Amino acid sequence: QPITTDMATLTKEVKKFARDKKLEIETLKIREEYRREFLGNVSHELKTPLFTVQGYLLTLLDGAMDDKNIRKKYLQRAEKGVERLIYIVKDLDMITKLEAGDINIEPSEFDIVELIQNVFELLEMRAAKKNISLTFDLHYKRPIKVIADQEKIQQVVTNLIVNSIKYGKQGGTTEVSIEDLVNNKVIIRITDNGEGIEKHHIPRLFERFYRVDKSGARSEGGSGLGLAIVKHIIESHSEKIYVESEFGVGSEFSFTLEKAK
Ligand code: ADP
C-alpha cells in the first residue's frame, strides 16, 4: 500500500473511516435493540402458559389431588399448557432459523391438491369443534403438480387454515381454491367468513408477535409467529403472499407457487 502524504486525501480517508465506524455502531445498536425486543416478546409469550401449568400443579398439590375427578381434569389442563409451550418453542425455533437464513428449501414435485386434502383431514376435528366446514373448490383437473418444499408448504397451508378456524365464526366456512396464473404459476386461496381484520392492522400482520386482539388471540392459543413463518417460507421460495380482508365479513390469504412442467 502506498503511503498517502497528501493532507487532503488523508483527511478524506480519516473522515470516511469515522463514517464507516459510526455506521457500524448504528448497525450494532439496531441489532441489539432487535435482540432485546425479541427476547422480551419470547418471555412474554412463554409466561402465560407457564403460569397456567404452574397454577394447576399448585392447586393439585394444595389438596385437589385427593379428588379423583378434579385430579384428572387439572392434569389434563396442565398437559394442554405444556403442549402449547411446545408449539411456541417449535415456532420460535423455526422463525429463528428462517430469519438467520439457516433453512434450506428442498424443492420437489408434488400434488398440491393432495397436500391440501391431507391438511383438511388433520384439522377436521379442530374445525368440527367450531362447526366450521372445510371445503375445496374443485373446478380443475387434478393432480396439480407444483415444485416447492413440500414440508414447508404443508406448514404454510396448515398455519393459514388453523387461523381461518381460530378467527372463523361458529358454523362458518373455510374454502380453499386454486387458480392458474400466467408464467406457469398457480395461486392458492384460503378464504374464511370469520371476524375479518381492520384495514390499519394489515400492513403489520406478518410481523412476528403482531396480533390484532391481544387478549382474544391469546385465549385461542398460538405464538403470534404463524404468519411471520408463512411469509418467510413463501418469500424464500421467491413467491408472493397476499391478504385481503373486510372487518366483520372475512379474510382471504393467498400465495403463489411454481407449477411443474
Ligand atoms: P396467532 O398465533 O396470534 O394466530 P399469527 O401470526 O398466525 O399469530 O396471526 C397474527 C394475527 O393476525 C392474529 O393474532 C389475528 O389477529 C390475525 N389473523 C390471522 N389470520 C386471521 C384470519 N383468518 N382472520 C382474522 N384475523 C386473522
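I started in helix 6, where Glu235 and Lys231 sit four residues apart, so about one helical turn separates them. (Helices here are DSSP runs of H or I with at least four residues, strands are E runs with at least two, and both are numbered from the N terminus.) The two side chains form a salt bridge, with the closest N and O atoms 3.6 Å apart. I take a salt bridge as a side-chain nitrogen of Lys or Arg within 4 Å of a carboxyl oxygen of Asp or Glu. Glu235 is partly exposed at 43% relative accessible area, and Lys231 is partly exposed too, at 30%. The classes are buried for under 20% relative accessible area, exposed for over 50%, and partly exposed in between, with a 1.4 Å probe and protein chains only.

*Ground rules.* This is a predicted model, so I note that local features need pLDDT of at least 70 and side-chain atom pairs count only at pLDDT 80 or more, while totals for chains, interfaces and linings use all residues. Residues are numbered from 1 along each chain as its sequence is written, and side-chain values use heavy atoms, with hydrogens and water left out.

Side chains of opposite charge can pair when their charged atoms come close.

I then looked up Glu45 and Arg211, whose side chains meet in a salt bridge at 3.1 Å, N to O. Glu45 is in helix 1 and Arg211 is in the loop between strand 5 (185–192) and helix 5 (214–219), so this pair ties together parts that are 166 residues apart in sequence. Buried or exposed, for Glu45 and Arg211? Both Glu45 and Arg211 are buried.

Next I went to Lys259 and Asp180, a salt bridge with its closest N and O atoms 2.7 Å apart. Lys259 belongs to strand 7 (residues 250–259) and Asp180 to strand 4 (residues 173–181), so the pair links distant parts of the chain, 79 residues apart. Lys259 counts as partly exposed at 23% relative accessibility, and Asp180 counts as partly exposed at 49%. I also noted a network of salt bridges that links Glu179, Arg189 and Glu252.

*The second largest pocket.* I put its volume at about 260 Å³. For the search, a 1 Å grid is laid over the protein atoms alone; a pocket is an open set of points with protein on both sides within 12 Å along at least five of seven lines, whereas a cavity is a set where a 1.4 Å probe fits but cannot get out, and lining residues have an atom within 4 Å of a point. Points are joined across faces, edges and corners, and the volume is the space filled by probe spheres set on them.

The lining has 15 residues, and Glu99, Phe206, Glu207, Arg208 and Ala228 lie nearest the centre. Helix 1 (7–61) and helix 6 (226–236) are the elements that give two or more residues to this lining. Which element gives the most? Helix 6 does, with four residues. By type I count five nonpolar, two polar and eight charged residues in the lining. (Nonpolar is Ala, Val, Leu, Ile, Met, Phe, Trp, Tyr, Cys and Pro; charged is Asp, Glu, Lys and Arg; the others, Gly among them, are polar.)

I found Asn184 with a positive phi of about 60°, although it is not a glycine. Asn184 is in the loop between strand 4 and strand 5, and it is partly exposed at 29% relative accessible area. Phe209 is not a glycine either, and its phi is positive, about 70°. Phe209 lies in the loop between strand 5 and helix 5, and at 8% relative accessibility it counts as buried.

Thr96, in helix 2 (residues 68–99), is partly exposed at 43%. Thr96 and Thr158 are 62 residues apart in sequence and 19 Å apart in space, C-alpha to C-alpha.
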